[in-house]
Every structure is written in C-alpha cells, then in structure tokens.
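Visitor: I would like to talk through the charged side chains in this protein. Could we look at them together?

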Amino acid sequence: ADPGDLPPLVLNIFELQRTYSGIELGAGIAALPPLHQPEQQQVLNACMGTRCRAFSIAPQWQGECAETGSYALLRERLTALAKHHWHQLVLRYSALLLRLSEIPASLTDRATETFVQACRLTPGTGYGVIQTARGQLLHRVVLTDGVVSQYDIVAPTEWNFHPEGLLPTTLQGVHIGSPRQARELCRTMMLLADPCVGFEIQAI
C-alpha cells in the first residue's frame, strides 16, 4: 500500500522510525507498580509519611525513579515490535495509540468501577488511586478532628518528569547530529512522556 494512503496517526509510526532509527536512546527506568494493590500500601504509606511534600514534588518508589503511563502499562505487549527493531519512540507512540483504542470499550465496561481504588492508610489518612490516560494519579487526604488538614496530589507528570527520572536516563549521552535535531528529539520524547502542562525547551 502507498504510505500516503495510511491514516496520519499510523503514518507517524513510520516517520518516527525513519527519523530516529539510527539514534540509540538510554534504557529508561522501571515501571511504577500498581499503587492500588494491597502489597504496595505499606510502602506507599512510608513514602507519603513524614516526607510527604518532598514525595509529592519528586516521587520515587523504594528509592528509585519510576515511570507511569501508557508505555509503562503496555510495554510487555509491545515486545514483538521491539524484537523487530522498531525504535523506542515508535514503541512509546504505539503504546499511546493502543491505550487510546481501549478507552471506548473501558467506558462501557462495568469493570471500570475498579479503576478507582481507595484505602485508609492510618486513622484519619486515606488515599485514592486511578489509572488515568497519562498514568497513575494519586490523591492523599489527612483529616484532623474532622477537618481536612492536608491534601496532596501526585500526578503522572511528577513521576515521568522527575529530575533524575525518565527524561535524563533516556536522553543523557545520546549522540545526535545537530542542536536542531537534539531539540526535536527532546520535544518528541517529552510529548511521548505526556505531560499535563505546557513546556519549553531551551538549549544551554
């Protein structure tokens, strides 16, 4: 088939492969485990304890940075593409498409009710976790004498844009041809990391 006949979203896969096939990225970081699982709650409580504010700004899991989102959730399903030497950026983009394709069915699936998980960590302290399109979103609330005394949110962006996390481990040390190509690579990687805020790239 003529590539020009392909839908734009699919055509992007071939464009990413053509542009970046000769550029080797870093291995990245581990996926964040499902925070709603019972075995994670004790560790989560420790993370969100006395250093809760620091955790909310730059979260780590058991002392290590972690990634959340479409690629972290679906990377095992993309191993066949990886074995056929598709570029990491193609895998990340494909994960976004795959995740988007599954959303309509999930909205009508009664199992969707389990996507939001809530748990009491300690008396007066609880949290809720939901697997959003961008990754795991965590809300934590502390009640003191029936009044909300603390409310913290850890969004997927805090995990994926940790200063020692996904972007540095993927991009640092990458060999690339020109400053323009470097900026475009950074922009592509940041878009695929799917931030919830705008961003600007500055070359220093």
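Predicted model: local features only at pLDDT ≥ 70, side-chain atom pairs only at ≥ 80, totals over all residues.

Visitor: Where do Arg-187 and Glu-184 lie?

Guide: Both residues belong to helix 9, where Arg-187 and Glu-184 are three residues apart, about one turn of the helix.

Visitor: And how exposed is Arg-187?

Guide: Arg-187 is partly exposed, with a relative accessible area of 41%. Glu-184 is also partly exposed, at 33%.

Visitor: Which residues are joined into one network?

Guide: Glu-67, Arg-75 and Arg-92 are joined, through salt bridges that share partners.

Visitor: How many salt bridges are there in the whole structure?

Guide: A search of the whole structure finds seven.

Visitor: Let us change topic. What does Arg-134 pair with?

Guide: Arg-134 forms a salt bridge with Asp-194, with 3.5 Å between the closest N and O atoms. Arg-134 lies in the loop between strand 2 and strand 3, and Asp-194 in the segment after helix 9, so this pair ties together parts that are 60 residues apart in sequence.

Visitor: What about the accessibility of Asp-194?

Guide: Asp-194 has 23% relative accessibility and counts as partly exposed. Arg-134, at 34%, is partly exposed as well.

Visitor: Lastly, which side chain does Arg-18 meet?

Guide: The side chain of Arg-18 meets that of Glu-15 in a salt bridge of 2.5 Å, N to O. Both lie in helix 1, residues 8-20.

Visitor: Is Arg-18 buried or exposed?

Guide: Arg-18 is exposed because its relative accessible area is 59%, and the cut-off for exposed is over 50%.

Conventions: Residues numbered from 1 in each chain as written. Heavy atoms only, no water. Salt bridge = Lys/Arg side-chain N within 4 Å of Asp/Glu carboxyl O. Helix = DSSP H or I, 4+ residues; strand = E, 2+ residues; numbered from the N terminus. Buried < 20%, exposed > 50% of the residue type's maximum accessible area, 1.4 Å probe, protein only.
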